[in-house]
Amino acid sequence: MFSTKIKPNLIEIDLNNIEDTADKLNKISPNIIINTATLLPWWYSECLPENKKIYAKNLPLGITLPNQLFLIKNLLKSLSISLNRKDYFIINCAYPDVVNHLLNKLNLCPDIGIGNLSNCVPAIEESISLITEIPSNEIDVQLYAHHSFSYSVSRKGKEIDTPFYIETLNNGKLLDISYFDVFDNLNKSLARTTGISGTQMTACSA
């Protein structure tokens, strides 16, 4: 076992300056680009006074989308004019389930986004363990769904109305279980931390 200490080379980039960003990217010539830039974090509206927070809750996309879209769009414009090579890989962390779709219409789409389905997998495994009496460390959940599934199942439990595909293996054997019974625990005894307090967990699961 060995470890290598790598000292990062920090370079200040103003994504509002497309030409300057393009010049710096050309000099760096990155292989992988991970975008986490945003004008405002998603939880900003939670910090507003109560008399203004109500407007934010009624316009969720109206507040979130422009703040997440603007800087990644500038970054991709800079890339389009800076690098001669096209073998870099772009990961967008800024609201990718909506932003990437819109950028695709501008022919500026990143290669991939991130997700947070892993948020709810430990709770699903624990719920299956409670129902089947199989230790949770012997349960392997494979879950395929939209971001909204993770959001909804932790709040609605078995009343979830978001499409999903899930299967569970125990020692390589497929388990036949009712997932709506499994989900019934996810907004009760196994409810996860949400809101601002749950941000770090979401970042880790992505």
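What volume does the largest pocket have? The largest pocket has a volume of about 1500 Å³. This is a predicted model, in which local features need pLDDT of at least 70 and side-chain atom pairs count only at pLDDT 80 or more, while totals for chains, interfaces and linings use all residues. Residues are numbered from 1 along each chain as its sequence is written, and side-chain values use heavy atoms, with hydrogens and water left out.

**Largest pocket**

- A pocket is an open set of points, on a 1 Å grid over the protein atoms alone, where a 1.4 Å probe fits, with protein on both sides within 12 Å along at least five of seven lines; lining residues have an atom within 4 Å of a point.
- A volume is the space filled by probe spheres set on the points, which are joined across faces, edges and corners.
- The largest pocket is lined by 41 residues, and the closest to its centre are Trp42, Thr64, Tyr95, Asn116 and His147.
- Two or more lining residues come from each of α2 (50-58), α3 (60-82), α4 (96-104), α6 (147-156) and α8 (199-205); helices (H or I, at least four residues) and strands (E, at least two) are DSSP runs, numbered from the N terminus.
- The element that gives the most to this lining is α3, with five residues.
- By class, the lining has 19 nonpolar, 17 polar and five charged residues, where Ala, Val, Leu, Ile, Met, Phe, Trp, Tyr, Cys and Pro count as nonpolar, Asp, Glu, Lys and Arg as charged, and the others, Gly among them, as polar.

**Second largest pocket**

- The second largest pocket has a volume of about 350 Å³.
- Among its 14 lining residues, Ile13, Leu25, Ile33, Ile34 and Leu75 lie nearest the centre.
- The largest share of this lining, four residues, comes from β1.
- The lining contains eleven nonpolar, three polar and no charged residues.

**Aromatic rings**

- The whole structure holds seven aromatic pairs (rings of Phe, Tyr and Trp, its six-membered ring, with centres within 6.5 Å; planes under 30 degrees apart count as stacked, over 60 as edge-to-face and the rest as tilted).
- The ring centres of Phe164 and Phe183 are 5.3 Å apart and the planes lie at 75°, so this pair is edge-to-face.
- Phe164 belongs to strand β5 (residues 164-170) and Phe183 to helix α7 (residues 179-183), 19 residues apart.
- Phe183 is buried, with a relative accessible area of 0%, whereas Phe164 is partly exposed at 27% (buried means under 20%, exposed over 50%, partly exposed in between, with a 1.4 Å probe and protein chains only).
- Ring pairs join Phe149, Phe164, Tyr179, Phe180 and Phe183 into a cluster.
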